[in-house]
Amino acid sequence: MAPSLTQIDLASLIDHTLLVATATPVHIAQWCNEADRFRFASVCVAPIHVRQAVDLLHNSSVKVSTVIGFPTGAITSAVKLYEAQEALDNGAEELDVVINLSWLKSGDTEALYKDLAAICDEGRPVKAILETPLLTDEEKRLAAEICMDAGAAFVKTCTGWNGGATVADVRLLKEITKDRVGIKASGGIRTAEQALEMVMAGATRLGTSYSVQLLHQLDMLDVADQDHAQTEE
């Protein structure tokens, strides 16, 4: 039986995300305050904001995550690894890494594996971003298998720059991973209904900039369900 809305601790699954290029330190402070207040899993910010987020959340259970090779993944392995190492040196606890789609589509699976494995070897949880809207189902399967072999802790749907997460893709990743790693749904999640559908399909983490709105919507859905139940009694 699927859990009811009140049984899902949605906040604990959310990476409270702020990756717009115009984000300022004031915005980062707001996001960190919200993340701490609602006890989100992490706050996900661009690499330049990691140190500020770490300082603001040093007494909080909220993790600081950042993106690597964002948004295309099309940088050299040496640069991507350096970017990851610098983020970790600045205090990042989780890394969302865009895989190299050119290597995936050209069949250079060894280069793709080494690119990600080098970052996974740094010892922090890596969420491998597959960019599912640009892949066939066969490519999604191949990419997920390579990412798991490389040591990724999560496979993640997409950046949101080329389309959003879908329930179908989360279900496919659930089938492929067989609970060996986490699944992060990200891109276009703006309503509580969408978020819950992703969780029911198998997502164990959600990336969204609408985190606070989702929780408020969830509260309203809970009230509506309770009113409906009372009406039927």
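Modeller: Let us begin with a pair of side chains: Glu94 and Arg205 meet in a salt bridge, N to O at 3.0 Å. The pair links distant parts of the chain, with Glu94 in strand 4 (residues 94-98) and Arg205 in strand 8, 111 residues apart. The model is predicted, so local features need pLDDT of at least 70 and side-chain atom pairs count only at pLDDT 80 or more, while totals for chains, interfaces and linings use all residues. Residues are numbered from 1 along each chain as its sequence is written, and side-chain values use heavy atoms, with hydrogens and water left out.

Biologist: Why is the contact between Glu94 and Arg205 called a salt bridge?

Modeller: The term requires a side-chain nitrogen of Lys or Arg within 4 Å of a carboxyl oxygen of Asp or Glu. The N to O distance for Glu94 and Arg205 is 3.0 Å, so the pair meets the definition. Side chains of opposite charge can pair when their charged atoms come close.

Biologist: What makes Glu94 and Arg205 buried or exposed?

Modeller: Buried means under 20% relative accessible area, exposed over 50%, and partly exposed in between (1.4 Å probe, protein chains only). Glu94 has 3% relative accessibility and therefore counts as buried. Arg205 is buried because its relative accessible area is 11%.

Biologist: Which residue forms a salt bridge with Asp96, and why does the pair tie together separate parts of the sequence?

Modeller: Lys184 forms a salt bridge with Asp96, and their closest N and O atoms are 2.7 Å apart. Because Lys184 lies in strand 7 (residues 182-186) and Asp96 in strand 4, the pair ties together parts that are 88 residues apart in sequence. Strands (E, at least two residues) and helices (H or I, at least four) are DSSP runs, numbered from the N terminus. Both Lys184 and Asp96 are buried. Through shared partners, salt bridges join Asp15, Glu94, Asp96, Lys127, Lys156, Lys184 and Arg205 into one network.

Biologist: How many salt bridges does the structure hold?

Modeller: The structure holds 17 salt bridges. One of them is between the side chains of Lys80 and Asp115, at 2.9 Å, N to O. Lys80 is in helix 3 (residues 77-89) and Asp115 in helix 5, 35 residues apart. Lys80 and Asp115 are both buried.

Biologist: Why is Trp103 called partly exposed?

Modeller: Trp103 has 23% relative accessibility, which is why it counts as partly exposed. Trp103 lies in helix 4. Leaving aside residues up to four places away in sequence, Trp103 touches Ser77, Asp108, Ala111, Leu112 and Asp115, where contact means heavy atoms within 4.5 Å.

Biologist: How do you know that the span of helix 6 agrees with its number of residues?

Modeller: The expected span is 1.5 Å times one less than the number of residues. For the 14 residues of helix 6 (residues 137-150) that should be 20 Å, and the end C-alpha atoms are 20 Å apart, so the two agree. The buried residues of helix 6 include Ala143, Ile146 and Met148. Among the elements that the buried residues of helix 6 pack against are helix 5 (109-120) and helix 7 (167-177). Just after helix 6, Gly151 takes a positive phi of about 110 degrees.
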